[in-house]
Amino acid sequence: MAVVDRRGLIVEAAEKSFALFGYKATTMDHVAKIANVAKGTIYTFFANKEELFDEILRSVIIEMKKITEQEVQEDRPFFENLYQSMDKLLEFRREHELLVKLFQEVRDFGTPQAREGLEKIELAILDYLERQIDRAAKHGEIREYDPKVIAFVLVKLYIALTSDWNKIHEPLSKEQIREFSQVFLSGGLSKT
C-alpha cells in the first residue's frame, strides 16, 4: 500500500487555492477540499493560514534560486549572467499563477499579506543579486559600490522596463531591455 504524503497534498492544494482565490479569499476549508483531507488534518502540519502561505513562499523562492543557478555560468561575464538571470526570474514572476494572483490582489484590494508575500519574493531576488554583485566586484569585473543599492537599482530598472513601461508603451524586446540596461548600468559599473 502506498504511503500518502498528506503534508505535500496540503501544500499543493494550498498553492492552487491561493493561485485561484488569492490570499484573502482562501480558507482552510478550500484547501481541505482541494487536498481531499479533513480540515483538522491541515492543522497537524500548519498552525494557521499564514504559516501555510509562508511555506508556499519558501518553495517559490527555492524554485527561483534553482532557475538562477541554472542560468549562471562561471565562465561567462557578470553582465551576461545578470541579463540571463533577470530575464528568467522576471519571466517566472510574470507566468507563475500564484505570483500573478498576488500582484492582482495587491493592485485590486491592497491585501497586506499578499503585499508582504511579494516583498519576501523581491527580498530573495535582491539578496541573490547582492551576492552576485559582490562576487563580481571582488573578481574585478565591476567597480566596487554598495551591492545592496546596485541590486535594488537593477531590480527596479528591470521591472520598469519589462512591466511598467508596457502599461503606456509598446513592450520592449529582450534585446532592447539589455541595451538600455547596459547604457544605464554597465557604463557606470564597468571597469572598461
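**Entry 1: Pro112**

I began with Pro112, which is partly exposed at a relative accessible area of 43%. The model I am reading is a predicted one. I placed Pro112 in helix α7. I then looked up its distance to Lys24, a residue 88 places away along the chain, and found the two C-alpha atoms separated by 9.2 Å.

**Entry 2: helix α2**

I turned to helix α2, residues 28-35, and asked which of its residues are buried. They are Met28, Val31, Ala32 and Ala35. Viewed down the axis of α2, these buried residues fall within an arc of 100°, so they line one face of the helix.

I next looked up what covers the buried residues of α2; the cover includes α1 (6-25), α3 (39-45) and α4 (49-71). Just after α2, I recorded a positive phi of about 60° at Asn36.

**Entry 3: Thr162**

I located Thr162 in helix α8. Is Thr162 buried or exposed? Its relative accessibility is 15%, and the cut-off for buried is under 20%, so Thr162 counts as buried. A polar atom of the Thr162 side chain lies 2.6 Å from the backbone oxygen of Tyr158. Setting aside neighbours within four places in sequence, I listed the contacts of Thr162 as Leu90, Arg94 and Ile177.

**Entry 4: the largest pocket**

I looked up the largest pocket and noted about 400 Å³ of space in it. Its lining has 13 residues, of which Arg93, Arg94, Phe103, Ser163 and Lys167 are the closest to the centre. The elements giving two or more residues to this lining are α5 (78-95), α6 (97-109) and α8 (147-164). By class, I recorded four nonpolar, four polar and five charged residues in the lining of the largest pocket.

I also noted that Arg94, one of the residues closest to the centre of this pocket, is among the contacts of Thr162.

**Entry 5: the second largest pocket**

The second largest pocket holds about 190 Å³ of space. I listed its lining as Arg93, Phe103, Leu118, Ile121, Glu122, Ile125, Val155, Lys156, Ile159 and Asp164. Which helices each supply at least two residues of this lining? They are α7 (112-138) and α8. I recorded six nonpolar, no polar and four charged residues in the lining of the second largest pocket.

Arg93 and Phe103 line this second largest pocket, and both are also among the lining residues closest to the centre of the largest pocket.

Definitions and conventions
Residues numbered from 1 in each chain as written. Predicted model: local features only at pLDDT ≥ 70, side-chain atom pairs only at ≥ 80, totals over all residues. Heavy atoms only, no water. Buried < 20%, exposed > 50% of the residue type's maximum accessible area, 1.4 Å probe, protein only. Helix = DSSP H or I, 4+ residues; strand = E, 2+ residues; numbered from the N terminus. Arc of directions from axis to C-beta. Contact = heavy atoms within 4.5 Å. 1 Å grid on protein atoms, 1.4 Å probe; cavity = no way out; pocket = protein on both sides within 12 Å on 5 of 7 lines; lining within 4 Å. Points joined across faces, edges and corners; volume = space filled by probe spheres on them. Nonpolar A, V, L, I, M, F, W, Y, C, P; charged D, E, K, R; others polar. Polar contact = N/O pair within 3.5 Å; in protein donor to acceptor, adjacent residues only side chain to side chain.
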